[in-house]
Amino acid sequence: MRGIDVSHWQGDINWAKAQKGYEFAFIKCTQGTSFLDSKYAQNKKGIRESGLLFGAYHFANADTDPVKEADWFVKNVGDLKEGEIVVLDYETYALPNPADWCKKWLDRVASKLGFRPLLYTYHGLLTKYNWKPVSDANYGLWAARYGMQTTWPNPLFKPSTGSWPFYAIWQYCSKGKVDGIVGNVDLNTSDMDIQTLRKYGKPKEVTCNHQCPVHC
């Protein structure tokens, strides 16, 4: 199963064309404590109308309080439907112990939204640091490793899973070409089917005997 991820850098996207051959699309929502992606609302609408599974990510600056960054994301992510996924994108080597910072962000968002985000990070970061505080807390992994930047994933360049038993998604290329999108596009693959991947997203809401909405 294949997917893409984009941000404002890709400009205006024709999602009717871009969705062909893909099952999911993740888009940038926020960064740090003040940046909101200018194409977020437009891309969110386009992805949903195209029928792709929607996901939103926050790019971590990691130079401020993780709770403040988490609250900025929650404030701007907007409504989420059943199965839609949220992600922390962590890419910096600046912190000596990034797992602690990430877990604080993840815990805060999980407490606010009612389900666990994924963590996105690189192969190099997965091999350098101890991520057990995050993996032991049952946050899923989206791992990146590009290898020779091929259009299709090359099994010789599968990323490390760190302290996780497996990754949910592998970002295998940052120079993909997709109809309806100008410029390079990140390409992703998952060994899961779409229904399994959706289990990382917002759970189905049910109504209890007291008629109050709860998550199953």
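This is a predicted model: local features need pLDDT of at least 70, side-chain atom pairs count only at pLDDT 80 or more; totals for chains, interfaces and linings use all residues.

What is the volume of the largest pocket? The volume of the largest pocket is about 310 Å³.

**Pockets**

- The lining of the largest pocket consists of 14 residues, and those nearest its centre are Arg116, Asn138, Tyr139, Gly140 and Tyr200.
- By residue type, the lining of the largest pocket comprises eight nonpolar, four polar and two charged residues.
- The second largest pocket holds about 270 Å³ of space.
- A total of 16 residues line the second largest pocket, with Asp5, Tyr57, Asp89, Glu91 and Asp186 closest to its centre.
- Strand S1 (2–6), strand S4 (53–59) and strand S6 (118–122) are the elements that each contribute two or more residues to the lining of the second largest pocket.
- The lining of the second largest pocket is made up of eight nonpolar, three polar and five charged residues.

**Nonpolar cores**

- The largest nonpolar core contains 52 residues, and within it Tyr90 and Trp131 touch the most other members.
- Helix H4 (residues 98–113) is the element that gives the most to this core, supplying eight residues.
- Beyond its neighbours up to four places away in sequence, tryptophan 131 touches Tyr90, Pro98, Ala99, Cys102, Leu119, Leu125, Leu126, Ser163 and Trp164.
- Another core, of 14 residues, lies apart from the largest one and includes Phe26, Tyr120, Ile169 and Met192.

- Lysine 39 occupies the loop between strand S3 (35–36) and helix H2 (40–50).
- A polar contact of 2.7 Å joins the side chain of lysine 39 to the side chain of aspartate 12.
- When neighbours within four places in sequence are set aside, lysine 39 is in contact with His8, Gly11 and Asp12.
- Within H2, the buried residues are Tyr40, Asn43, Lys44, Gly46, Ile47 and Ser50.
- These buried residues of H2 pack against S1, helix H1 (15–18), strand S2 (24–31), S4 and H3.
- Glycine 51 follows H2 and has a positive phi, near 95 degrees.

- Most residues other than glycine have a negative phi.
- Alanine 62 is not a glycine, yet its phi is positive, at about 60 degrees.
- Alanine 62 is located in the loop between S4 and helix H3 (66–77).
- Is alanine 62 buried or exposed? With a relative accessible area of 8%, alanine 62 is buried.
- Asparagine 138, also not a glycine, has a positive phi of about 70 degrees.
- Asparagine 138 sits in the loop between helix H6 (132–135) and strand S7 (141–144).
- The relative accessible area of asparagine 138 is 55%, so this residue counts as exposed, the cut-off being over 50%.

- Leucine 95 belongs to the loop between strand S5 (85–89) and H4.
- In sequence, leucine 95 and aspartate 63 are 32 residues apart, while in space their C-alpha atoms are 8.5 Å apart.
- Apart from neighbours within four places in sequence, leucine 95 is in contact with Ala62, Tyr90, Trp101 and Tyr129.

Terms used. Residues are numbered from 1 along each chain as its sequence is written. Side-chain values use heavy atoms; hydrogens and water are left out. A nonpolar core is a set of buried Ala, Val, Leu, Ile, Met, Phe, Trp, Tyr and Cys residues joined through side-chain atoms within 4.5 Å. Buried means under 20% relative accessible area, exposed over 50%, partly exposed in between (1.4 Å probe, protein chains only). Helices (H or I, at least four residues) and strands (E, at least two) are DSSP runs, numbered from the N terminus. Contact means heavy atoms within 4.5 Å. A polar contact is a pair of N or O atoms within 3.5 Å; within protein, one must be able to donate a hydrogen and the other to accept it, and residues adjacent in sequence count only if both atoms are side-chain atoms. On a 1 Å grid over the protein atoms alone, a cavity is a set of points where a 1.4 Å probe fits but cannot get out, and a pocket is an open set with protein on both sides within 12 Å along at least five of seven lines; lining residues have an atom within 4 Å of a point. Grid points are joined across faces, edges and corners, and a volume is the space filled by probe spheres set on the points. Ala, Val, Leu, Ile, Met, Phe, Trp, Tyr, Cys and Pro count as nonpolar, Asp, Glu, Lys and Arg as charged, and the others, Gly among them, as polar.
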